[in-house]
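User: I would like to learn how to read a protein model. Please take me through one, feature by feature.

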Amino acid sequence: MKFTRKANANWQGTGMEGTGKISTQSTTLNNAQLSFKTRFADGVGTNPEELVAAAHSGCFTMQLSFLLNEGGFTADDLSTEATVTFEDGTITLIHLDLKGKVPSISAEEFEKTAAKAKEICPISKLLNTTITLSATLVS
């Protein structure tokens, strides 16, 4: 399977005082605000690190679902929070915090499957940083 997806960003002005907008092909983001404050403070809008976290948590969680299905399991609920650490101009760490409710799976099998999903998720393979995982099976 091969496909492409697009997003675009526009910036006007200086790095600190300028403003930008970012949009996605699906229009889920449609001229979403991008600025120094949205990236480095608490401004209203989005930023690249938040978008990486969203992409990674979504990709990983979907990959895990596929792997669980291959193993004969269906999740009642999978929830992943991705935390991106930005330090001195570099993304130095992404931590995936997974909580899952999967009937009839052992904690060991769940953790093993989650670790495999972390390794083979396309976004994980794309990123050149340390990626950690904590996986909790809830009943």
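User: How many positive and negative side chains does the protein have, and how far apart do the centres of the two sets lie?

Analyst: Start with the counting rule: Lys and Arg count as positive, Asp and Glu as negative, while His and the chain ends are not counted. The place of a charge is NZ of Lys, CZ of Arg, CG of Asp or CD of Glu. Here there are 12 positive and 15 negative side chains, and the two centres lie 10 Å apart.

User: What kind of model is this, and how are its residues numbered?

Analyst: This is a predicted model: local features need pLDDT of at least 70, side-chain atom pairs count only at pLDDT 80 or more, and totals for chains, interfaces and linings use all residues. Residues are numbered from 1 along each chain as its sequence is written, and side-chain values use heavy atoms, leaving out hydrogens and water.

User: In what order do the strands of the three-stranded sheet stand?

Analyst: The general idea comes before the case. Strands of a sheet pair through backbone hydrogen bonds, either parallel or antiparallel. Two strands count as paired if DSSP finds at least two bridges between them. Here the open sheet has the order β4-β5-β6, with mixed pairing. β4 (77-87) and β6 (130-137) are the edges; each has a single partner strand, so one side of each lacks a neighbour in the sheet. The twist averages 15 degrees from one strand to the next.

User: How many bridges join β5 to β6, and do they run parallel or antiparallel?

Analyst: Eight bridges join them, and they run parallel. K99 has T136 in β6 as its bridge partner. β4 and β5 (residues 90-101) pair in the antiparallel sense over 11 bridges. There, V84 stands opposite I94, and F86 has I91 as its bridge partner. Two residues separate β4 and β5 in a hairpin, and D88 in the turn has a positive phi of about 50 degrees.

User: Which helices lie across this sheet?

Analyst: Axes are lines fitted to C-alpha atoms, for helices over the stretch in contact; angles run from 0 to 180 degrees between N-to-C directions. Contact means heavy atoms within 4.5 Å. Helix α2 (residues 48-70) lies across β4, β5 and β6, at about 145 degrees to β4. Helix α3 (residues 107-120) also lies across β4, β5 and β6, at about 155 degrees to β6.

User: Is Q63 buried or exposed?

Analyst: Buried means under 20% relative accessible area, exposed over 50%, partly exposed in between (1.4 Å probe, protein chains only). Q63 lies in helix α2. Its relative accessible area is 18%, so Q63 is buried. Q63 touches A117, I120, C121 and P122, not counting residues up to four places away in sequence. Across the protein, buried residues make up 30% of the 139 residues.

User: How many of the six residues in β1 are buried?

Analyst: Zero; strand β1 (residues 7-12) is hardly covered. Six bridges join β1 to β2 (residues 19-24), and the two run antiparallel. N10 stands opposite K21 in β2. Their hairpin has six residues between the strands, with G13 in the turn at a positive phi of about 100 degrees.

Definitions and conventions: Helices (H or I, at least four residues) and strands (E, at least two) are DSSP runs, numbered from the N terminus.
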